[in-house]
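Here are my notes for you on this structure, as numbered points. Please keep the 3D view open while reading.

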Amino acid sequence: MCADAPRFLGDTFAERLTPHLMRLIAKDPTGPVARQFRATAEERRVLPYELDDPLGEADRTVAPRLVRKYENRALLLVTDECLAHCRYCFRRGSTGRKGGAISETELAAALSYLERRPEIDELLLSGGDPLALRTSVLSSILNTLRTRIPRVIIRICTRVPGVSPSRIDTATVDAVRSSIPAWLVVHVNHPDELTGETREAFERFVDAGIPVVVQTVLLRGINDSVDVLGRLFEELLRIRVQPYQLFQADLARGTSHFRVPLERGLAIYRALRSRVSTLALPVYALDAPGGGGKIALDGHAALRNDGASYVIAGSDGREYRYPRERENGRGR
Ligand SMILES: *Cc1c(COP(=O)(O)O)cnc(C)c1O
Ligand code: SF4
């Protein structure tokens, strides 16, 4: 894949920050938190192979807001809203834009699909950010899911503990707790995000008996070093939270400046393996462009390249391509 002249993004993804993030950014205006949340002109550089729907979710949408890529698990986008906008967001085309929370009609349609498919035993809730919903709305959605499809394990994906820890109050924890078996997957990328308040937010869930794991996106100039990731993962273990997935950044439009070349990502990952405890080592994975789902990059995926792209075997046995990029985010 060769990078021709970049196009420029006409419509921009609005900047959105929380008071908590503003305080962190004020302390370190060019630091790792600022770089994740402050919009820059670099986002206007769009490469030809960058995509509006980098994970191919539109093609895998089986009911309103319900995405299914696997036999036994599905993903429900319960809201389009996030409390803060990560600049590398892979759903930047819909985040903060579409209709906000899932409507009753949409939820009913998703539920009738799920009720008729007993092979689906795990439901991921994402968006947007499920914990950005008003607690009463979240609670009502969780109760409906628990009542109508009692068999499913619920996996709630959120960034709220790091961007607005004060939102994690007793009512939020109770809402999640009443829907167990429920797992919480929190998105955290840098040790600077683990402030005292954020640690307390994690602790509330863990103390309530809700298992919490973390997903991290590998981001250039933010956490692309063995030292930063090693510190992050070790700190998470200390607060009883397990690092679970480290993601290669997706091909979202205008995000090439955030991507780490895959070869260097693998080198960092291999060095981490000897540096941190196995408990602290997440799986390094790529969510394959085009809808192949998540593919572990170390060991499982047969990595070869055809010059411009890596060719990787998806879990469905098909081949998926991811560009070989140079450090400046341009194709070769
Ligand atoms: C991430 C994801 C899952 C869960 O995959 P895991 O490998 O279990 O983390 C399921 N469905 C969709 C659509 C996903 O994006
Ligand atoms: S929390 Fe997730 S969905 Fe929300 S802006 Fe960040 S990357 Fe996008």
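1. Two rings of Phe, Tyr or Trp count as an aromatic pair if their centres lie within 6.5 Å, and planes over 60 degrees apart make the pair edge-to-face. The model discussed here is predicted. Searching the whole structure gives two aromatic pairs.

2. One of these pairs is Y88 with F258: the ring centres are 5.7 Å apart and the planes stand at 80°, so this pair is edge-to-face. Where do Y88 and F258 lie? Y88 is in the loop between β5 (73-77) and α3 (104-115), while F258 is in the loop between β10 (242-247) and α9 (262-275), so the pair ties together parts that are 170 residues apart in sequence. Both Y88 and F258 are buried.

3. For R117, the charged end is over the ring of Y113, 3.8 Å from the centre.

4. Which residues are around ligand 1? They are V67, K69, Y70, R73, L75, L124, R155, Y244, Q245 and K294.

5. For R73 the distance is 2.8 Å, for R155 it is 2.8 Å, and for Y244 it is 3.0 Å. Ligand 1 taken alone exposes 390 Å², and the protein buries 88% of that.

Conventions. Residues are numbered from 1 along each chain as its sequence is written. Chains are lettered from A and ligands numbered from 1 in the order in which they are written. This is a predicted model: local features need pLDDT of at least 70, side-chain atom pairs count only at pLDDT 80 or more; totals for chains, interfaces and linings use all residues. Side-chain values use heavy atoms; hydrogens and water are left out. Rings of Phe, Tyr and Trp (its six-membered ring) pair if their centres lie within 6.5 Å; planes under 30 degrees apart count as stacked, over 60 as edge-to-face and the rest as tilted. Helices (H or I, at least four residues) and strands (E, at least two) are DSSP runs, numbered from the N terminus. Buried means under 20% relative accessible area, exposed over 50%, partly exposed in between (1.4 Å probe, protein chains only). A charge sits over a ring if NZ of Lys or CZ of Arg is within 6 Å of the ring centre and within 35 degrees of the ring normal. A residue is near a molecule or strand if one of its heavy atoms lies within 4 Å of it. A polar contact is a pair of N or O atoms within 3.5 Å; within protein, one must be able to donate a hydrogen and the other to accept it, and residues adjacent in sequence count only if both atoms are side-chain atoms. Accessible areas come from the Shrake-Rupley method with a 1.4 Å probe; for residues, only the protein chains shown count as cover.
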